[in-house]
Amino acid sequence: MLSFKTDNPSTLLQLFDDAVAGQGNGKQIDTWRKVEGPGTKGPMYTHKSQQHANRAYFEVAVSRDELLFGLYWPGGRAPADAVYLYAYYHGHLIETFIHHFGAFFESVTSSAQYTPAKST
């Protein structure tokens, strides 16, 4: 799981959503895509690269002082290269947030292994 420490997690998520949608007030993110999750999971994000698209998804949760992203595997089962995909998705989302929204959060932490996103 990724945890972005911020005073306003809802605003940080809205900035990300707007940039992914191409409406980011000069900030546009072409490497992530927002999709509707299966069942009642709500919106999720997947990487758009040809090699990695739709292989995993980030679920999002908002707490009082954190924006949380937890990785979700399609079909609920981790693929054979799960460790690689976990590292790839986490590294690329951290890079995106530092590059585009570094002024809007204090720090980011990543779990070393799979942890679902849950709001607190």
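View 1. Asp17 counts as buried at 14% relative accessibility, where buried means under 20% relative accessible area, exposed over 50% and partly exposed in between (1.4 Å probe, protein chains only). Lys34 forms a salt bridge with Asp17, and the closest N and O atoms are 3.4 Å apart; a salt bridge here is a side-chain nitrogen of Lys or Arg within 4 Å of a carboxyl oxygen of Asp or Glu. Asp17 belongs to helix α1 (residues 9-20) and Lys34 to strand β2 (residues 32-36), so the pair ties together parts that are 17 residues apart in sequence. Helices (H or I, at least four residues) and strands (E, at least two) are DSSP runs, numbered from the N terminus.

A note before the other views: this is a predicted model, in which local features need pLDDT of at least 70 and side-chain atom pairs count only at pLDDT 80 or more, while totals for chains, interfaces and linings use all residues. Residues are numbered from 1 along each chain as its sequence is written, and side-chain values use heavy atoms, with hydrogens and water left out.

**View 2. Lys5 and Asp65, joined by a salt bridge.** The structure holds three salt bridges. In the one shown here, the closest N and O atoms of Lys5 and Asp65 are 3.2 Å apart. Lys5 sits in strand β1 (residues 2-5) and Asp65 in the loop between β4 (57-62) and β5 (66-72), so the two tie together parts that are 60 residues apart in sequence. Lys5 is partly exposed at 31% relative accessibility, and Asp65 is partly exposed at 24%.

View 3. The side chains of Arg55 and Asp81 meet at 2.7 Å, N to O. Arg55 counts as partly exposed at 29% relative accessibility, as does Asp81 at 28%.

View 4. You will find Thr31 in the loop between α1 and β2, partly exposed at 36% relative accessibility. Leaving aside neighbours within four places in sequence, Thr31 is in contact (heavy atoms within 4.5 Å) with Thr46, His47, Lys48 and Thr96. Thr31 and Thr96 are 65 residues apart along the chain, and their C-alpha atoms are separated by 8.6 Å.

**View 5. Phe4 and Phe105, an edge-to-face pair.** Rings of Phe, Tyr and Trp (its six-membered ring) pair if their centres lie within 6.5 Å; planes under 30 degrees apart count as stacked, over 60 as edge-to-face and the rest as tilted. By this rule the count comes to 17 aromatic pairs. Here the ring centres of Phe4 and Phe105 are 5.1 Å apart with the planes at 85°, so the pair is edge-to-face. Phe4 in strand β1 and Phe105 in the loop between α2 and β6 (107-110) are 101 residues apart. Phe4 is buried, with a relative accessible area of 0%, and Phe105 is buried at 12%.
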